[in-house]
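Welcome to this guided tour. Open your viewer, get ready to select a few residues, and follow along stop by stop.

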Amino acid sequence: MKLALGPVQYYWPRIAMMQFYEAVTEAPVDIVYLGETVCSRRHELRLPDWLELAAMLEAAGKEVVLSTQVLLESGSDLSTLRKIAANDRYLVEANDMGAVHCLEGRPFVAGPFLNLYSAPALALLANQGARRWVMPLEMGRDKLGFMQAQRPAGMQTEVFAYGRMPLAFSARCFTARNRNLPKDNCQYVCMDHPDGLLLNTREGQPFLTLNGIQTQSALVYNLARELGQVADMQVDVLRISPQSQYTNEIARFFHQAIRGEMTGEDAFAAIEPLMPAGPCNGYWYGRPGLEQLVA
């Protein structure tokens, strides 16, 4: 299996983002996804900056994929999408059907937000150019096994294996609302929360994480213990979602477990102290997402 680093979901200062990706050149990951997928108001990096980072990472031997925004809301969003789709150097991860249309049959990655839950849907995307698909976050191992048995020839499968899960997107900005600010004058308060803003229940239990217009899980999805199961299902790529600290260290533990240099159990134990919240893996077992189960 190859190891991929997903797009940064949070809003970090420009210098922090540049330093992060400079460090990624030394990380044990094979594929790096770049781009703003959450909110077009996040302007610290624009498309020329992402392309500059892509060239740096490509020179370091990484496969670079440009990710598109999930929820487009304006003409400028559409213009950026078309520019990304028109690039002839890097593969594109399509995160909505508009992106699939813009790619006009060229090879692309079908992102997790296309919600591919059936073999006919996967075949349809393959006919439109998809060469790799990312399993939807809520899909469990049993349904993945069914999809693997029927996936089109030449189609790679990627599984989200670590990080806070992106669960939903909305036209409203919940982080701005938390500060009683309108979305159009949000004052970029997302930058105050480099790993998102935790939302607790009235009983004080972690429930969700607010990240602008995106809602994430409060707990951190971690399939390190399940790496043997994932490998047996002939998954091609594992995705790690970046966090503000320890991303490279977490990637190293996954890398070592994939190579058989440590067990999945040992990798899980090494990663757990580096996580911003507790672990969960319920979706993998067809259970509520907040649950943590051991096979």
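Is Tyr246 buried, partly exposed or exposed? Tyr246 counts as partly exposed, at 38% relative accessibility. Here buried means under 20% relative accessible area, exposed means over 50%, and partly exposed is in between (1.4 Å probe, protein chains only).

Before moving on, a word about what is on your screen. This is a predicted model, in which local features need pLDDT of at least 70 and side-chain atom pairs count only at pLDDT 80 or more, while totals for chains, interfaces and linings use all residues. Residues are numbered from 1 along each chain as its sequence is written, and side-chain values use heavy atoms, with hydrogens and water left out.

**Stop 1: two residues with positive phi**

Stay on Tyr246, in the loop between S11 and H9. Helices (H or I, at least four residues) and strands (E, at least two) are DSSP runs, numbered from the N terminus. The phi angle of Tyr246 is near 70°, a positive value in a residue other than glycine.

Now select Asn115, in the loop between strand S5 (108-110) and helix H5 (119-127). Asn115 also has a positive phi, near 55°, and is partly exposed with a relative accessible area of 46%.

**Stop 2: a buried glycine**

Select Gly129, in the loop between H5 and S6. Gly129 is buried, with a relative accessible area of 2%. Which residues is Gly129 in contact with, leaving aside its neighbours within four places in sequence? They are Gly105, Arg106, Pro107 and Phe108, where contact means heavy atoms within 4.5 Å.

**Stop 3**

Select residues 156-169, which form strand S7. Of its 14 residues, 10 are buried.

- Strand S6 (residues 130-134) runs parallel to S7, joined by three bridges; look for Arg132 opposite Gln156.
- Strand S11 (residues 237-240) pairs with S7 in the parallel sense over four bridges; look for Val159 opposite Leu238.
- Strand S10 (residues 214-222) runs antiparallel to S7, joined by six bridges; look for Phe169 opposite Gln214.

**Stop 4: two helices side by side**

Select helix H9 (residues 247-258) and helix H10 (residues 264-271), whose axes come within 9 Å and cross at roughly 175°. Axes are lines fitted to C-alpha atoms, for helices over the stretch in contact, and angles run from 0 to 180 degrees between N-to-C directions. H9 and H10 are therefore roughly antiparallel to each other, a label for angles over 145 degrees.

Show the side chains of Ile250, Phe253, Phe254 and Ala257 in H9, which meet Ala267, Ala270 and Ile271 in H10. The residues of this contact are seven nonpolar, no polar and no charged. Nonpolar covers Ala, Val, Leu, Ile, Met, Phe, Trp, Tyr, Cys and Pro; charged covers Asp, Glu, Lys and Arg; the others, Gly among them, are polar.

**Stop 5: the nonpolar core**

A nonpolar core is a set of buried Ala, Val, Leu, Ile, Met, Phe, Trp, Tyr and Cys residues joined through side-chain atoms within 4.5 Å. The largest one has 77 residues, and those touching the most other members are Tyr21, Leu34, Trp133, Leu144, Phe254 and Trp284. Apart from it lies another core, of eight residues, including Cys39 and Ile213.

Finish on Leu34: beyond its neighbours within four places in sequence, its contacts include Tyr21, Trp50 and Leu66.

Technical notes
Parallel < 35°, antiparallel > 145°, perpendicular 65-115°, else oblique. Pairing = 2+ DSSP bridges.
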